[in-house]
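Hello,

Here is the structure I promised to pass on. Please have a look, and my notes follow just below.

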Amino acid sequence: MAALDEFGMIKTIEDEDEIPVENDSSDSDDEPVSKKKRKQNRKKTLFNSSFSFDEKSALSTAPTFKLKAKGQSSVSALDDKIAKVRKAKQRDNASKPELNDEDMSVEEDDSSDEDAEAKRDLIKTKGDGKKKKKKGQEGEEQAKIEFSESVDTFDDKVVFQDMNLSRPLIKGLSSMGFVKPTPIQAACIPVALLGRDICACAVTGSGKTVAFMLPILERLLYRPRATASTRVLILVPTRELAVQVHTVARQLAQHSNIDICLAAGGLDIKSQEAMLRLGPDIVIATPGRLIDHLHNSFSFTLNNIEILVLDEADRMLDEYFAEQMNEIIRLCARQRQTMLFSATMTETVQELVAVSLKDPVKVFVNQSTEVALGLRQEFVRIRPNREGDREAIVAALVSRNFCDKCIVFIQTKVQAHRMHILLGLLGINVGELHGNLSQAQRLDTLKKFKEGLVDVMLATDLASRGLDIEGVKTVINFTMPSTIKHYIHRVGRTARAGKSGRSVTLVGEKERKVLKEVVKQAKTPLKTRIVPQEIVSKFCDKIADIEEDIKSIQQQEREESHLRSVENQMNKAQNLLETKQAGDEAQIKRGWFQTHKERKEEKESLRLSDKSMTKQELKKTRKKLTAEDRVKFEMSKAQLLGIRAAKKTLRAKPLSAFSDATSDGAKKGGKKKKKANKKRPVSGFEDELADIGASSVKKFRAGPSFKERKEATGSSKKAVQQIGRKKNNKKR
Ligand SMILES: Nc1ncnc2c1ncn2[C@@H]1O[C@H](COP(=O)(O)OP(=O)(O)OP(=O)(O)O)[C@@H](O)[C@H]1O
């Protein structure tokens, strides 16, 4: 417990202590929940039902949503397998007495604000990470972008009606039930309407999607109608998020004639191609699929892009998407407005310079390390010799305390799948969401979770960013996320739009570093949760009891997957034969901007794996894995990710390869210049940015519709007027 004290977390209850749980109605969901109550809970929601995330309507109307049938049935087949094993087990156990969990209770502390403050002060006095600046950190701070203007105030009395928005949008907003803009909307909309580049940051669930979508739609209402072309590109990191942003855009634009197209991976490519050929006003895309269309749908270009939005911008600008962003920005029109949004927005030059922001306005309504105010953050301490208890603790939490509307984040896909089988066999209604599933399976899990047909969703970081699922009550982290950024996004799936929610994170001795950062940033007291040892032991026994069943289901799955791959190979060979026989030479291979080899190399270099271990060795060890080994593997993956993130911030990185793509002459000799730029050092970035800023003032691209907007009203009126004045001074 001493270790927890060190982090500013208050020790009130020891595992051995018996303290009755206070009858606090606000925490009533902490009580063990009976099966009947669990069913009732599933139906009702704790949260305001005024907003519904309506993906269904989009699925039924948008032609781009046709899903691939491939692999569609395998997850439900897994549920059948689980049900079969459970039935057989129940028959065997009919005579044995049932474990009575209901009699036991989970204790937790409820420490006061002052205490937590004092403990945080204790950390501060130790000076961890504050006084001792590591080498390279100074460099990183120096490399922060200098914004000439910044908006961090807003009028909290303003309503959408006061913001000079057109009638169709006001109607769209009221059909969604939105009356008052959130702080980020109040701060951003007037600035975006002026056509300024924006770098925006606001906590998770604070309405950033509407903040960029409304000014876009307002601008498009005034577009020339003579030619249809794509004027707005919105890029997001995951397919699920693309679907969600598309739905929000369609809802907002429902009373206008603005065309919105979804170009996300995993969805039917042919219908997307057909839509893109018509030149939709807005394209919402994931980078990979967009590049595929740019290289293979000849009538679709980005030449007329007037607005580029990067949602989850820090993610879009990290090295995972670097090459793809390079390619997309190279193909985008240079004269455009660029808007970047994230809850963990980066301010470092090397990333922002990649999108060549022109005289950007910083709109940070809070720090980039803040979590939602309504979030209650809890931590379960894992003792060094009890790492193997994690599965049992999570099983205890989801079957006793957080029985529905709960997301469990797991580092690896393999462990997420194992937990699906494990929790399923324990009788919990679970679903999984990660990259090993087909898109149809991914969307199906999401839909079922939203509709309450799945109580607990097991997800990897794929689901950690942007997803807005109504009424998520709890987020559980199986291991501590690798960086505070990951933590913020994961726990941000609950306590959204001013509502309350809870996160429970399992923290081992080796994961303290991120915990310390969370403690340092916390604005509300953190809690320790103690799951009684007897409960943990009972769940450990239950898991040991079903271990053989888990293995047998995994074995069945392996055999089925082997059969499927043989079948696929046969089908491929047959297709090849048929097309050859038909003399079909017209089958054009789809192109990509990288060669197959380059892409493989890039993927390999970004892979988070222990390269010293061959695949076969890994397979062998996996067969003998104990609970501790599995947790070690989870943590090592998280550590690798953390190391990569740390390296990135410490490294005085050369100018990113893609920055040249938007610089002068990039279109003439992009590739050659790319190599030259790679050698450029970090120093001098500020000058370069200042140049970009100065030239952009001259070339300020506010079209007639923006000019009309110069008299901005509402929330950020003063700030906007200030910006206008500064701009005029610069012009003079
Ligand atoms: N003006 C508003 N009034 C009421 N609710 C709103 C308003 N704007 C947005 N919301 C709701 O707030 C929720 C969160 O919005 P959104 O998903 O855009 O958040 P976000 O800031 O993008 O979150 P994240 O950082 O996790 O991506 C959504 O359910 C949305 O419908």
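Helices α12 and α14 cross in a left-handed manner, meaning that the near helix is turned anticlockwise from the far one by less than a right angle (clockwise would be right-handed). Helices here are DSSP runs of H or I with at least four residues, strands are E runs of at least two, and both are numbered from the N terminus. The contact involves P287, G288, L290, I291 and L294 of α12, and Q324, M325, E327, I328 and L331 of α14; being in contact means C-beta atoms, placed from the backbone, within 7 Å. By class, this contact has seven nonpolar, two polar and one charged residues (Ala, Val, Leu, Ile, Met, Phe, Trp, Tyr, Cys and Pro are nonpolar, Asp, Glu, Lys and Arg charged, and the others, Gly among them, polar).

**Before you read on**

This is a predicted model: local features need pLDDT of at least 70, side-chain atom pairs count only at pLDDT 80 or more, and totals for chains, interfaces and linings use all residues. Numbering starts from 1 along each chain as its sequence is written.

**The chain and the ligand**

The chain has 28 helices and 16 strands. Of its contacts between residues at least 6 apart in sequence, 83% join residues at least 24 apart.

Which residues come nearest to the ligand? Of the 20 around it, they are T204, G207, K208, T209 and A497 (near means a C-beta atom, placed from the backbone, within 6 Å). Helix α9 (residues 208-220) gives the largest share of this shell, three residues. The shell has seven nonpolar, nine polar and four charged residues.

Best wishes

Key: Contact = placed C-beta atoms within 7 Å.
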